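Me: I've got a model open here and want to check some labels against their cut-offs. Can you take a look?

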Amino acid sequence: MAGSAISLGNTSVLASMRTVSPTNSHKPSSFSPQLGFLNSQFAGLRISSQTSLKVTTPIVASPFRPIVAKRVCPFTGKKANKANKVSFSNHKTIKLQHVNLQYKRVWWEAGKRFVKLRLSTKALKTIDKNGLEAVAKKAGIDLRKK
């Protein structure tokens, strides 16, 4: 057992200490060539001898969010409007006035078929007045995809 006895008054305490040779005192770590890494003597840390370190980040799954259609009319571009909801005591609360969107089957004359669309009631009136082909062309919507 390698150790040294320290005398404190009339009691001797045996302190076990690791002996360090003077040739290895300037090297805090010992190199292990067969494993390819350095063994650190401080808290058991491993220090890689390679210059490039690859840090892998764990893949964190985002919480599930269902796919919800936007509340915007594709033909007119109408969307929700901010307004104040005024109570009897004149307390104002901000609320949203959403667009009146409807799912409709509209007859497309050029395609000789019905097209399912989600559009505002204002767009329905515009389609009745100008025709589906003209309103879709003005809005930049390709009816062949739907």
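Me: Which residues does L132 touch, not counting those up to four places away in sequence?
Reply: L132 touches F75, V106, W107, W108, L117, I127 and L143, where contact means heavy atoms within 4.5 Å. Bear in mind that this is a predicted model: local features need pLDDT of at least 70, side-chain atom pairs count only at pLDDT 80 or more, and totals for chains, interfaces and linings use all residues. Residues are numbered from 1 along each chain as its sequence is written, and side-chain values use heavy atoms, with hydrogens and water left out.

Me: What makes β6 and β7 a pair?
Reply: Strands are DSSP E runs of at least two residues, numbered from the N terminus, and two of them pair if DSSP finds at least two bridges between them. Here 6 bridges join β6 (residues 81-86) to β7 (residues 92-97), so they pair, running antiparallel. N81 stands opposite Q97 in β7. Their hairpin has 5 residues between the strands, and N90 takes a positive phi near 70°.

Me: How many residues are in the largest nonpolar core?
Reply: That core has 16 residues, and L132 is among those with the most contacts inside it. The term covers buried Ala, Val, Leu, Ile, Met, Phe, Trp, Tyr and Cys residues joined through side-chain atoms within 4.5 Å.

Terms used: Buried means under 20% relative accessible area, exposed over 50%, partly exposed in between (1.4 Å probe, protein chains only). Helices (H or I, at least four residues) and strands (E, at least two) are DSSP runs, numbered from the N terminus.
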